[in-house]
Amino acid sequence: MSNQALVLDSAVQPASISTFSHSERVGYLMQHGIHPMAFSTMQPDMEYFDVPGIGYIAYARYWGMQFVLSDPVCDPKHFEMMLERFVQRFPDAAFAQVSKVVVDLLHGKYGYYGTQFGSEAKIPLCDWNLRGSKKQIIRTAVNQAKAQGVEVKEGPFDRQTRKISESWIKTRKCKSNEIRFLIRPMQMDYKEGTRYFYAYQNGEAVGFVFFDPIYRDGKVVAYVPNISRSCASFKQGLWYPMMVHAMEVFKAEGVEYVDLGLIPLMLSDEIEPQESRPLRFFQRRIYAWGNSLYNFKGLQFAKSRFQGQVVKTYCCHRSLLPSISMLAMFRMTRLI
């Protein structure tokens, strides 16, 4: 059967839930995994809404609710069909970290609110450099690391990773558990294409950044730093020198860009027509007063130094003020 015939046949067949084999799912990911969270759909405890010959939607359940993560992993021309089938099956599902294309489809056809959830920053690597006043802090961190004998190298998963991570978590606002769902876990069974960069001092690993691949048409076109940890004793931090080294490696390989991933609650001043004004109000309050919960401001500052191209990311929800579903998602992600 030809690929075209397969697609046409699948269009009239009922959608299935979790019917793909692991290798089939990886195939769809490598063909259509252009969303920066596509790789994270492979994390543990996810469920899947599969449409043979088309792709899948990844979601998690909590408190009897469904939470979709990222855009559908399929050709964008099939987004509307995939979303239609999914909403028919789960009419009250919420969507996290989706693009404006998905927002417009869900709002226009099903009346969903589509409220900005945060931002992402994309850094084209073809002309990447460290020039500019806003990158001074990056240059300072790189120089400090060199002065202290820190060397950044790519390598396999290091046995000291867990020790670094446990020490790092003790310095965080949220100390009880690693955040999940919106950030995939540090260790998971599926690792294909993941890149590991470590900072070493006196032969000991003192920091790391794990990069997940972003795919287009079966090829890696970008990376996203999904997991990073470092020793707290470096005044300017180790994240900057590790990022700079990795970006230089990727640039030399011809990788198109690095997506810095989600910057939660980094919101534009503009409120779009489909957004929930009450939710935006509470988001502003959380950003202003919730730094004890999560370091929103510090993360925004750190990622903004790279001067990337800012892209909005959204959550989609049924009610004007989705307090229960937002509480459930915060509990599910272990923020609270």
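A residue is called buried here when its relative accessible area is under 20%, exposed when it is over 50%, and partly exposed in between (1.4 Å probe, protein chains only). The model is predicted, so local features need pLDDT of at least 70 and side-chain atom pairs count only at pLDDT 80 or more, while totals for chains, interfaces and linings use all residues. Residues are numbered from 1 along each chain as its sequence is written, and side-chain values use heavy atoms, with hydrogens and water left out.

Salt bridges are a starting point. A salt bridge is a side-chain nitrogen of Lys or Arg within 4 Å of a carboxyl oxygen of Asp or Glu, and the structure holds 16 of them. Helices (H or I, at least four residues) and strands (E, at least two) are DSSP runs, numbered from the N terminus.

One of the salt bridges joins Glu 80 and Lys 109, whose closest N and O atoms are 3.8 Å apart. This pair links distant parts of the chain, with Glu 80 in helix α3 (residues 79–89) and Lys 109 in helix α4, 29 residues apart. Glu 80 has a relative accessible area of 42% and therefore counts as partly exposed. Lys 109, at 43%, is partly exposed.

Another salt bridge is formed by Arg 25 and Asp 50, with 2.8 Å between the closest N and O atoms. Here Arg 25 belongs to helix α2 and Asp 50 to strand β2 (residues 47–51); the two are 25 residues apart and link distant parts of the chain. Arg 25 is buried because its relative accessible area is 5%, and Asp 50 is buried because its value is 0%.

The side chains of Asp 212 and Arg 184 also meet in a salt bridge, at 2.6 Å from N to O. Asp 212 is in strand β9, while Arg 184 is in the loop between α6 (161–169) and β8 (195–201); this pair, 28 residues apart, links distant parts of the chain. Both Asp 212 and Arg 184 are buried. Elsewhere, Lys 100, Asp 104, Glu 270, Glu 272 and Lys 312 are linked in a network of salt bridges.

On a 1 Å grid over the protein atoms alone, a cavity is a set of points where a 1.4 Å probe fits but cannot get out, and a pocket is an open set with protein on both sides within 12 Å along at least five of seven lines; lining residues have an atom within 4 Å of a point. Grid points are joined across faces, edges and corners, and a volume is the space filled by probe spheres set on the points.

There are two cavities of 30 Å³ or more, and the largest cavity has a volume of about 50 Å³. Its lining includes Arg 184, Thr 194 and Phe 210. Phe 210 is found in strand β9 and is buried, since its relative accessibility is 0%. Although Phe 210 and Thr 194 are 16 residues apart along the chain, their C-alpha atoms are separated by 6.8 Å.

At least two lining residues come from each of α2 (22–32), α4 (100–110), β6 (113–124), β9 (204–216) and β12 (309–317). β12 gives the most, with three residues.

Leu 327 lies in helix α10 (residues 323–333) and is partly exposed, because its relative accessibility is 36%.

Most residues other than glycine have a negative phi. Asn 202, in the loop between β8 and β9, has a positive phi of about 55° although it is not a glycine. Asp 217, in the loop between β9 and β10 (219–230), has a positive phi near 55°. Asn 202 is exposed at 79% relative accessibility, and Asp 217 is exposed at 53%.
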